[in-house]
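Welcome, and take a moment to look over the molecule before reading on. We will walk through it piece by piece.

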Amino acid sequence: MSAQSERAKRTIASARSPLISTPLLMHFCSLLRGKTLENIRTLSDLYKQVVKHHLEREDLQRASYDKHTELTVSFSTERILSAMMRLAVLIQSKSASSVAVNTEEFKGSLLSPENGNPENVLEGAWWPKHKFWHQASWVSEKYTEKVFNLLKEFSLVQCDGDQVRFMHDSFVYYLTAR
């Protein structure tokens with residue numbers, strides 16, 4: 001057994017409860033290598049590394065896509081993460097058991113985030129009440145329609161008919177807490 005596999009086995013075995021409990025998460029974890037595995041101590045660490053690795057891998061695909069389409073949109077990993085955090089909070093604002101939102105509502109939250117402010121809408125507002133949060137990019141940054149389309153293509157988000165959700169429901173909880 002390789003040293004890398006042995007480190008992963010020790011990390012997983014040292015956890016009080018299973019860190020990896022779903023096949024999709026197992027797949028994402030199988031892609032992690034080296035020091036990344038050594039630094040995973042908690043479920044939060046695991047999700048952080050899985051999300052980071054996935055978005056870095058998607059960066060390469062997005063760069064190739066940009067070359068072929070001559071699309072020039074500044075869409076860093078941090079911007080993707082901010083947009084995904086917004087989606088997670090939007091999903092959670094519906095109810096604790098929600099796992100998806102309407103595609104148009106998600107698009108609206110990206111293009112016009114201020115419309116999520118409870119002062120502007122009657123119900124379903126995702127906008128944080130405390131002004132401290134209003135300065136955070138995941139709350140206030142506006143995105144373009146091109147970015148919305150890229151987000152659907154190159155992130156942990158998937159479209160299912162007229163609904164948007166994460167590849168796995170557990171990403172909602174991680175990104176909301178982040």
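Two strands are said to pair if DSSP finds at least two bridges between them. Helices (H or I, at least four residues) and strands (E, at least two) are themselves DSSP runs, numbered from the N terminus. What you see is a predicted model, in which local features need pLDDT of at least 70 and side-chain atom pairs count only at pLDDT 80 or more, while totals for chains, interfaces and linings use all residues. Residues are numbered from 1 along each chain as its sequence is written, and side-chain values use heavy atoms, with hydrogens and water left out.

Let us begin with the whole chain. Its secondary structure comes to nine helices and three strands. Starting at the N terminus, the elements follow the order α-α-α-α-α-β-α-α-α-β-β-α. The protein chain has 178 residues, and 39% of them count as buried (under 20% relative accessible area; over 50% is exposed and in between is partly exposed, with a 1.4 Å probe and protein chains only). Contact here means heavy atoms within 4.5 Å. Among contacts in the protein chain with a separation of 6 or more, 65% come from residues 24 or more positions apart.

Now for the strands. Strands of a sheet pair through backbone hydrogen bonds, either parallel or antiparallel. In this model, three strands form an open sheet in the order β1-β3-β2, and the pairing is antiparallel. β1 (100–102) and β2 (157–160) are the edge strands, each pairing on one side only. From one strand to the next, the twist averages 30°; angles run from 0 to 180 degrees between N-to-C directions, and axes are lines fitted to C-alpha atoms, for helices over the stretch in contact.

How many bridges join β1 to β3? Three bridges hold this antiparallel pair, in which β3 covers residues 163–166. Ala-100 sits opposite Arg-165 in β3, and Val-101 has Val-164 of β3 as its bridge partner.

Next, follow the helix α5. Two packed helices are described by the angle between their axes and the distance between the axes. For α5 (residues 77–94) and α9 (residues 170–177), the axes come within 8 Å and cross at roughly 110°. By class, the contact has nine nonpolar, two polar and no charged residues. Ala, Val, Leu, Ile, Met, Phe, Trp, Tyr, Cys and Pro count as nonpolar, Asp, Glu, Lys and Arg as charged, and the others, Gly among them, as polar.

The axes of α5 and α6 (residues 103–111) come within 10 Å and cross at roughly 130°, which means that α5 is oblique to α6. In this contact, Ala-83, Arg-86, Leu-87, Leu-90 and Lys-94 of α5 meet Glu-105, Phe-106, Ser-109 and Leu-110 of α6. That contact has five nonpolar, one polar and three charged residues.

Finally, visit a residue in helix α4 (residues 43–69), namely Gln-49. Is Gln-49 buried or exposed? Its relative accessibility is 18%, so Gln-49 counts as buried. Leaving aside neighbours within four places in sequence, Gln-49 is in contact with Leu-32, Thr-36 and Ile-40. Between Gln-49 and Thr-36 there are 7.1 Å in space, C-alpha to C-alpha, and the two are 13 residues apart in sequence.

How values were computed. Parallel < 35°, antiparallel > 145°, perpendicular 65-115°, else oblique.
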